[in-house]
Amino acid sequence: MTSALKALPNIHRAYMIPACRGLASHPRSMSLWEHGLHLFRSAVGVVLPAPMLRRALVLKTDGCPRLVVRDRAFPVRRNLYLVGFGKAVLGMAAVAEEILGDHLIQGVVSVPHGIRACLQQAGMEEMLLKPHSRIQVIEGAKHNLPDREALRAASMIRELAEGLTADDLLLVLISGGGSALLPAPTPPILLEEKEKVTKLLASRGATIQELNTIRKALSLLKGGGLAQAAYPAQVLSLILSDVIGNPVDIIASGPTVYSSPSAQRCLQIMTKYNLMSTLPRSVETVLSSSVSDPSGPKDYSHIYNVVIGSNSLALEEAKRQAEDLGYWTLILSAGVCGEVSRVAKLYSQLIQFVCLSTAGLGEGPLRDQVRGDLLKLAAELEIPGFNLVDSLKALQGLESERSVCLLAGGETTVQLQGNGKGGRNQELALQVALELHRAKATGAGYFLGKCEVLFLSGGTDGQDGPTEAAGAFSSQELVDKAAQEGLDVETFLSNNDSYTFFSKFRNGHHLLLTGLTGTNVMDIQAILIRARDR
C-alpha cells in the first residue's frame, strides 16, 4: 500500500475536479486502497463550498436587485453585510462575495488557523478572497479549540451585528467547526474556563448535542444570540451541516436559531458526566441562573435558515462512484454515532456477514449467529436512519463473489482513557482492524480470509482530532503485520494513541493525509469487500 500523500501529491486539486466516471485502469487491477481513496475524494468534492453556494444563492438583477434562496427573495440595495464562522466558511465567503458584488458593504469571517496558507499551497485559489476584499478574515481555534483570535473574531462579529438597522440584510455563513470559532463566553466566565468545561465533557464521551447544549448556555452568541444581536435587521443564514439529522439549532450551536436550554437540563448533563465538583465558580453561577433572556425578539421572523449541504449529499456521490467501479453499493446511514469500540464491532460483524453471503452461505447456523449478534448490537446503538433488517436482506441475496461497498457517515465518540494522540477516525479504523483480527478465531474467520477487505474512515474537513491526518485505512491483516514490526495494537488503543500507531506502522502508509479540505460534513466510512483471486 502506498501512502495517500505520496500517491496524490496534489490531492487538493483532485478535490476540485468533477468525480471520475470510470478510472484509467480496469477496476479489478486497482487496489481496494485506490478505490477507497477515490470514493473519499469524490464524496468531499461534491460538498465543497463553491458548487454548494452557487446552487443555493442567486443574485437577480432584472428589475429590483434581489437575492433568491429557494422560495425566498431578499431585496438588496447596497445594504448587505456578511459574517461567517466554520471550517468551510472561507470558500463560502469567496463565492458569496463574487455573487454579491457591490451590494456587499462589509464582512467578518472566523476560520481555522492556517487555512489560507494550506489552501494557497494546494493551489486552491478559488477558495481564497480576492485582494481588496470587503471581508476581513481572522484565523483562530487552532486544533479546533477556542482561543484568543477566535474570541477577537466573535467580538467583531457581534459588534457588526449590533450596528445593523431594519433596512439591512445580514448574510450568515455557517459550517462545521463554527462553535470553536465563535466563542463569546457569558460574563463572568473566562474563555479558558469555558474551554476547560467543554474539553472535560468531550473527554468523557459527551455527544455533540450535549456539548452544544452547554456551549449555548455559556455563550452570548450561540443559541440564537447572534440573531438577537442583529435584530431588527433581516438575517439570511446558509448552513453546511456537520451534525446528524441537520438540526439547525445544533449546528455551530445554533447562533441564528432561538434555543434557550434550561438550567435544569445543563445541570443534568454535568451530573451525568460527574463534573459538578470540578466546575469553575463562574460556570456554576451562569448555569444555576436562568439562561433565557426575556428581552429581544420573540418570534424570530426576521431569520431565514437554509441547510445547503450535508453528509447525505457526500454519501450519494460516493455511491455513484462505487457503482461505476462495479461494486454492489449500499448506504447504511448518514447518522452513525456511538462509542468507537461499539461501532467498530458493528462494522466487523457486517463485514463477516458479507463474506459469508458472497461465499454462498446465505443460510445456516453460522450466518444466523452473525445476524443475531448484528441485530442485538444495532438495537443497542440506535443509529438514526439505519434499517439493519432491510440491509441484511439485501446483502443475503447477493450473487456469489460479488464485490460489495458499504458506505456510512456521521460522527462517533471516543472515551478517553489514555494520553496518546489521535482522532475518532483513526481510532475507529484501528479498532475495526482489531475486531477483524479477533474474528479470525471464530467460525466466520475462514470465510473472512477468502475476501479482500478495506475499511476507511476519514473526516471530510481533512483534520482528525489534533493531527494532520484526516483518518486512516485498515484491513483484517493489519494486526498481524503490525506485530511483525513490534507494534501491539491493543496497547496503542488503550492509550488512545492511534495516530502514533499509524505514523509508525509502515512509515505512515495507512494514514489518510489530505490537508484541510475547505469543507466539513462530518465523517465518511467506506467498507470495500471483494473475493480474493484464486
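Residues are numbered from 1 along each chain as its sequence is written, and because the model is predicted, local features need pLDDT of at least 70 and side-chain atom pairs count only at pLDDT 80 or more, whereas totals for chains, interfaces and linings use all residues. Side-chain values use heavy atoms, with hydrogens and water left out.

**Domains**

The chain is divided into domain 1 (32-46 + 311-531) and domain 2 (49-184 + 221-257 + 295-309), with bounds that come from an automatic or database domain assignment. Taken over C-alpha atoms, the centres of domain 1 and domain 2 are separated by 34 Å. Contact, meaning heavy atoms within 4.5 Å, links 21 residues of domain 1 with 21 residues of domain 2. Between domain 1 and domain 2 an area of about 1,500 Å² is buried, 61% of it given by carbon and sulfur atoms; buried area is the accessible area (1.4 Å probe) that two parts lose on being put together, summed over both. On the domain 1 side, L516, G518 and N520 lose the most area to domain 2, together 36% of what that side buries.

**Helix pairs**

Two packed helices are described by the angle between their axes and the distance between the axes. Axes are lines fitted to C-alpha atoms, for helices over the stretch in contact, and angles run from 0 to 180 degrees between N-to-C directions. Helices (H or I, at least four residues) and strands (E, at least two) are DSSP runs, numbered from the N terminus.

| Helix pair | Angle | Axis distance |
|---|---|---|
| α9 (residues 191-203) and α10 (residues 208-217) | about 165° | 10 Å apart |
| α15 (residues 340-358) and α18 (residues 424-439) | roughly 50° | within 8 Å |
| α16 (residues 365-381) and α17 (residues 388-396) | roughly 155° | within 11 Å |

Angles under 35 degrees count as roughly parallel, over 145 as roughly antiparallel, 65 to 115 as roughly perpendicular and the rest as oblique. With an angle of about 165°, α9 is roughly antiparallel to α10, and α9 passes α10 in a right-handed crossing, a crossing being left-handed if the near helix is turned anticlockwise from the far one by less than a right angle, and right-handed if clockwise. The contact is made by K194, V197, T198, L201 and A202 of α9 together with L211, I214 and R215 of α10. These contact residues comprise five nonpolar, one polar and two charged, where Ala, Val, Leu, Ile, Met, Phe, Trp, Tyr, Cys and Pro count as nonpolar, Asp, Glu, Lys and Arg as charged, and the others, Gly among them, as polar.

For α15 and α18, whose axes cross at roughly 50°, the arrangement is oblique and the crossing is right-handed.

R367, R371, L374, L375 and A378 of α16 meet L388, V389, L392 and Q396 of α17, giving six nonpolar, one polar and two charged residues.

**Backbone features**

A cis peptide bond with omega of about 10° joins P187 and P188, and P188 lies in the loop between α8 (178-181) and α9. Another cis peptide bond, with omega of about 15°, joins Y231 and P232, the latter found in the loop between α11 (225-230) and β8 (234-240). H143, a residue other than glycine, has a positive phi near 60° and lies in the loop between β6 (135-140) and α7 (148-162).
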